[in-house]
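Subject: Structure handover

Hi,

Here is the structure I promised to pass on. Please open it alongside this email.

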Amino acid sequence: MERTRRRDTRPELELRRCLYALGVRGYRIDAKVIDGLRRRADIVFRRLRLAIYVDGCFWHGCPEHATWPKANAAFWRDKIETNRCRDRDTNEKLAGAAWYVIRIWAHVDPVSAAETVSTLVFDRRKTPRSNLDSGLLVIS
């Protein structure tokens, strides 16, 4: 667990490279989203009120690729379920603060994920700030 990176993981870097290639700029990396919430998003577009999380399949319990370790099974099941609960809570708090949340599983093709994100970013840039909607998009 000590070697698990908190930021700049391979899926995050690949997604950011693809976003950059598509001309998507102006985001913050590993940034706080709202005051009072100690959780940080992987990519944040503050002006657009858009938070992007790249979730690892093991750590966040991917429905397609999650594995349940046999050694110390109770600890790991509790750890992963706690992560899932925290993710749901984060989604709810950000939606309550009028933020749009995108959750991308680490196994997703970064090119297709970046295309989806760039479409949303460019659409939100055309929308007046007062009309930006909140919501959740899971790319799996």
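This is a predicted model: local features need pLDDT of at least 70, side-chain atom pairs count only at pLDDT 80 or more; totals for chains, interfaces and linings use all residues.

**Helix α2**

Helix α2 covers residues 73–96, 24 residues in total. From first C-alpha to last it reaches 35 Å, close to the expected 34 Å. Which of its residues are buried? W76, I80, N83, D87, T90, N91 and L94 are. In an α-helix, residues three or four places apart point the same way, because there are 3.6 residues a turn.

**Aromatic pairs**

How many aromatic pairs does a search of the whole structure find? It finds 5. One of them joins Y27 and F45. That pair is edge-to-face, with 5.6 Å between the centres and 65 degrees between the planes. Y27 sits in the loop between α1 (10–21) and β1 (28–32), while F45 belongs to strand β2 (residues 40–45). The pair therefore ties together parts that lie 18 residues apart in sequence. Both Y27 and F45 are buried.

F75 and W76 make another edge-to-face pair. W76 has 17%, so W76 counts as buried; the cut-off for buried is under 20%. F75 and W76 also belong to a cluster, linked by ring pairs, with F58 and W59.

**Arginines over rings**

Two arginines are worth a look in the viewer. R77 lies over the face of W68, 3.8 Å from the ring centre. R103 places its charged end over the ring of Y53, at 4.2 Å from the centre.

**Positive phi**

Where does the backbone take a positive phi? Just after α2, A98 does, at about 65 degrees. R49 has a phi near 55 degrees, and R49 is not a glycine. R49 is in the loop between β2 and β3. N72 also has a positive phi, near 55 degrees, and is likewise a residue other than glycine. N72 lies in the loop between β3 and α2. N72 counts as exposed, because its relative accessible area is 53% and the cut-off for exposed is over 50%.

Best wishes

Terms used. Residues are numbered from 1 along each chain as its sequence is written. Side-chain values use heavy atoms; hydrogens and water are left out. Helices (H or I, at least four residues) and strands (E, at least two) are DSSP runs, numbered from the N terminus. The expected span of a helix is 1.5 Å times one less than its number of residues. Buried means under 20% relative accessible area, exposed over 50%, partly exposed in between (1.4 Å probe, protein chains only). Rings of Phe, Tyr and Trp (its six-membered ring) pair if their centres lie within 6.5 Å; planes under 30 degrees apart count as stacked, over 60 as edge-to-face and the rest as tilted. A charge sits over a ring if NZ of Lys or CZ of Arg is within 6 Å of the ring centre and within 35 degrees of the ring normal.
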